[in-house]
Amino acid sequence: STLSDDRRQRQMCIRDRLKMGTITFPELLDRAAEDEVIAGIRVAAVLESLPGTGKVKAKRIMEQHGIAINRRLRGLGTRQREVLLELFG
């Protein structure tokens, strides 16, 4: 549907901005609080979009900190957010 296409489009755009460094990980987490589209992005996709972090590294970090591979930004616990901010803030 158009709605989900639009949503996917926005999520891709945000991941591209992370890759290019025009938005930071802490900014993204802040925006996830008010923005449903951002809140719905998978944590793995966000981490993989960060410069210097590929699929393997993202998966390892998530496993080490008990973050489910299908977890979305909105579902991160306080401790998980803190640990990711320490690593990528």
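**Core packing and an aromatic pair**

Phe25 and Phe88 are both buried, where buried stands for under 20% relative accessible area, exposed for over 50% and partly exposed for the range in between (1.4 Å probe, protein chains only). The model is predicted: local features need pLDDT of at least 70, side-chain atom pairs count only at pLDDT 80 or more, and totals for chains, interfaces and linings use all residues. Residues are numbered from 1 along each chain as its sequence is written, and side-chain values use heavy atoms, with hydrogens and water left out.

These two residues form the one aromatic pair in the structure. Rings of Phe, Tyr and Trp (its six-membered ring) pair if their centres lie within 6.5 Å, and planes under 30 degrees apart count as stacked, over 60 as edge-to-face and the rest as tilted. With ring centres 5.9 Å apart and planes at 70 degrees, Phe25 and Phe88 are therefore edge-to-face. The pair links helix H2, which holds Phe25, to helix H6, which holds Phe88, 63 residues apart; helices here are DSSP runs (H or I, at least four residues).

Cys13, in helix H1, is partly exposed, at a relative accessible area of 43%.

Technical notes:
Helices (H or I, at least four residues) and strands (E, at least two) are DSSP runs, numbered from the N terminus.
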